[in-house]
Amino acid sequence: RINAAFQFGRGGKGGTQLLSATLTQLTGIRFDGAVIINFAGFRKVIDLIGGVDVCLDTEVRSIHTGNVFQAGCQELDGSEALDLARQRYDLPGGDFDRQHHQQKLIRAVMEQVHDTKLLTNPLKADQIIRGIGSALTVDSNGIPTEDLVFALRDVGPATLSGVRVPAYPQIIDDNSYTVLDEEAEGLFRSLRDAKVGGWIKTHPEWVNEL
């Protein structure tokens, strides 16, 4: 239960450090930094860029607001996008479907920023950057944030692939767990060796369509 590590560390810096150590022990991958985004910032950023267009494979009903997100494509504002991102109950794949929806939202944000050329508008770019800044807690391990942004300058929507860690749900001692499949080590090894593209090509069953 990986998310329990963040909670056990009481969130924030302590939770992030414990989560990082837990993931390193599990995957063999060392993490050099972390970013935490809060709910309020999530909504603000999406509203600043004018909403996002998301296409869903199945209907999603919110247990928090009662909203119904129909199967197909729709435009969402910040509150609606956050509501969708939080849902996992009554979905065919449970938490795996929630993960898929969150990946779709990440791509939708990138598409909106890219297609509308928002970052070429100095005023709007400043608003977005300030909005993102207020939404994020960043630990870059001493690397200047502007250097990270510059390094990611060529990452566009078309370069994204949604990957599901090979795993399956299992009830252990009346608690719900996600247990790694034997294919998981291959994914972790490809991440350690910077060969994820090759792993994706040979394991399409674990790739989420974005």
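A residue counts as partly exposed when its relative accessible area falls between the buried range, under 20%, and the exposed range, over 50%. The legends below use these words for a predicted model.

**Figure 1. Glu-185, Arg-189 and Arg-192 are linked by a network of salt bridges.** Start with the pair Glu-185 and Arg-192. These two residues form a salt bridge. Their closest N and O atoms are 2.6 Å apart. Arg-192 has 36% relative accessibility, so Arg-192 is partly exposed. Glu-185 has a relative accessible area of 35%, so Glu-185 is partly exposed too. Arg-189 also belongs to the network.

**Figure 2. Asp-95 and Arg-98 pair up within helix α5.** The two residues form a salt bridge. The closest N and O atoms are 2.7 Å apart. How far apart are Asp-95 and Arg-98 in helix α5? They are three residues apart, which is about one turn of the helix. Asp-95 is partly exposed because its relative accessible area is 40%. Arg-98 reaches 21% relative accessibility, and therefore counts as partly exposed. The cut-off for buried is under 20%.

**Figure 3. Arg-30 forms a salt bridge with Asp-32.** Here the closest N and O atoms are 2.2 Å apart. Is Arg-30 buried or exposed? Arg-30 is exposed, because its relative accessibility is 60%. Asp-32 has 43% relative accessibility, so Asp-32 is partly exposed. This bridge is one of six salt bridges in the structure.

**Figure 4. The largest nonpolar core has 20 residues.** Nonpolar side chains tend to be buried together in soluble globular proteins. Which members of this core touch the most other members? They are Phe-42, Val-52, Val-54, Leu-76, Leu-84 and Leu-105. At least two core residues come from each of α3 (39-48), β2 (52-56), α4 and α5 (95-115). Helix α4 gives the most, with four residues.

**Figure 5. Negative charges gather in a patch on the surface.** The patch holds Asp-47, Asp-53, Glu-75 and Asp-77. Where is Asp-77? Asp-77 sits in the loop that joins β5 (72-76) to α4 (78-85). Its relative accessible area is 35%, so Asp-77 is partly exposed.

**Figure 6. A nonpolar patch lies on the surface.** Its members are Ile-2, Leu-26, Val-165 and Leu-180. Together they have about 260 Å² of accessible area. Ile-2 belongs to helix α1, which spans residues 2-8. Ile-2 has 36% relative accessibility, so Ile-2 counts as partly exposed.

**Figure 7. Asp-90 has a positive phi, near 65°.** Asp-90 is a residue other than glycine. Asp-90 is exposed, because its relative accessibility is 75%.

**Figure 8. Asp-174 has a positive phi, near 65°.** Asp-174, too, is a residue other than glycine. Its loop connects β8 (167-172) and β9. Is Asp-174 buried or exposed? Asp-174 has 75% relative accessibility, so Asp-174 is exposed.

**Figure 9. Glu-183 sits in the loop between β9 (175-180) and α8 (184-192).** At 28% relative accessibility, Glu-183 is not in the buried range, so Glu-183 counts as partly exposed. Now compare its place with that of Gly-156. Along the chain, Glu-183 and Gly-156 are 27 residues apart.

**Figure 10. Gly-66 occupies the loop between β3 (60-61) and β4 (68-69).** Gly-66 is partly exposed because its relative accessibility is 42%. How many Å separate the C-alpha atoms of Gly-66 and Thr-22? They are separated by 35 Å. The two residues are 44 residues apart along the chain.

Methods
Residues numbered from 1 in each chain as written. Predicted model: local features only at pLDDT ≥ 70, side-chain atom pairs only at ≥ 80, totals over all residues. Heavy atoms only, no water. Patch = residues over 30% accessible without salt bridge, like charges linked within 9 Å, V, L, I, M, F, W, Y side chains within 5 Å. Areas by Shrake-Rupley, 256 points an atom, 1.4 Å probe, with all protein chains shown as cover. Salt bridge = Lys/Arg side-chain N within 4 Å of Asp/Glu carboxyl O. Lys, Arg positive; Asp, Glu negative; His and termini not counted. Charge placed at Lys NZ, Arg CZ, Asp CG, Glu CD. Buried < 20%, exposed > 50% of the residue type's maximum accessible area, 1.4 Å probe, protein only. Core = buried A, V, L, I, M, F, W, Y, C linked by side-chain atoms within 4.5 Å.
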